[in-house]
Amino acid sequence: MNRIKKSVSLILCVLLLAAAAMGTTGCSKNENSSSAAPQSSSSLQSSSAVQDSSSATGSQSTDLQVLGEGDTVFSFKATDGDGKVSSYEIHTDKKTVGEALLELDLIAGDESDYGLYVKEVCGVTADYDTDGSYWAFYIDGEYASAGVDSTDIVPGSVYELRVEKG
């Protein structure tokens, strides 16, 4: 029974990370406002954004967008299923990555017993239940061991959501 619970927990964590990664895809909209009001508790509204002109994988990328207001600054990247990378410099006063991204309407998803299951990032949907794809969550290039909503922001870190297939 304990082994089953651990397996289910691991699967849900992977799905959560995948959902978070998928939520970053398609975030290359050029919005020039400096702040935005949240539309809902599970979505982010971006105020501005800039894309990196390069990526570690050599994928197509766009300009870096600067979003939000606040004293804490971190980098956020979204890589869609086609390899398009959208890069952001996030300014916030929120404590967790999930809170900051939700506030800017960059991600959306469903609440679960394991936290936020990210299904949409920057308008791009990845839903494991429909096509086997999900948003995977990375911190400084390493696969994250927790979801976006339980990851405290570390200034200067790079957080990324990537669409991956299960």
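Two rings of Phe, Tyr or Trp count as an aromatic pair if their centres lie within 6.5 Å; planes under 30 degrees apart make the pair stacked, and planes over 60 make it edge-to-face. The exercises below concern a predicted model.

**Exercise 1.** State which helices and strands the protein has and in what order they come.

*Solution.* Begin with the count: there are three helices and 10 strands. Then read along the sequence, which gives the pattern α-β-β-β-β-α-β-β-β-α-β-β-β.

**Exercise 2.** Find how many aromatic pairs the structure has, and classify the pair of phenylalanine 74 and tyrosine 159.

*Solution.* Step one: a search of the whole structure gives five aromatic pairs. Step two: for phenylalanine 74 and tyrosine 159, the distance is 5.3 Å centre to centre and the angle between the planes is 85 degrees. Step three: planes over 60 degrees apart count as edge-to-face, and this pair is edge-to-face. Step four: phenylalanine 74 belongs to strand β3 and tyrosine 159 to strand β10, so the pair ties together parts that lie 85 residues apart in sequence. Both phenylalanine 74 and tyrosine 159 are buried.

**Exercise 3.** Classify the pair of phenylalanine 137 and tyrosine 159, and say where its two residues lie.

*Solution.* Step one: the centres are 6.2 Å apart, with 15 degrees between the planes. Step two: an angle under 30 degrees counts as stacked, and this pair is stacked. Step three: phenylalanine 137 is in strand β8 and tyrosine 159 in strand β10, 22 residues apart, and the pair links distant parts of the chain. Phenylalanine 137 is buried, as is tyrosine 159. Step four: Phe74, Phe137 and Tyr159 form one aromatic cluster.

**Exercise 4.** Describe the largest nonpolar core and name the elements that supply it.

*Solution.* Step one: this core has 25 residues. Those with the most contacts inside it are Phe74, Phe76, Ile90, Leu106, Ile107, Val121 and Leu161. Step two: at least two residues each come from β3 (72–79), β4 (85–92), α2 (97–103), β6 (115–121), β8 (133–139) and β10 (158–165). Step three: α2 gives the largest share, four residues. As background, nonpolar side chains tend to be buried together in soluble globular proteins.

**Exercise 5.** Which ring does the charged end of arginine 162 sit over, and what fraction of the protein is buried?

*Solution.* The ring is that of tyrosine 138, and the charged end of arginine 162 is 3.7 Å from its centre. For the whole protein, 45% of the 166 residues count as buried.

Key:
Residues numbered from 1 in each chain as written. Predicted model: local features only at pLDDT ≥ 70, side-chain atom pairs only at ≥ 80, totals over all residues. Heavy atoms only, no water. Core = buried A, V, L, I, M, F, W, Y, C linked by side-chain atoms within 4.5 Å. Buried < 20%, exposed > 50% of the residue type's maximum accessible area, 1.4 Å probe, protein only. Phe/Tyr/Trp six-rings, centres within 6.5 Å; stacked < 30°, edge-to-face > 60°. Lys NZ or Arg CZ within 6 Å of the ring centre and 35° of its normal.
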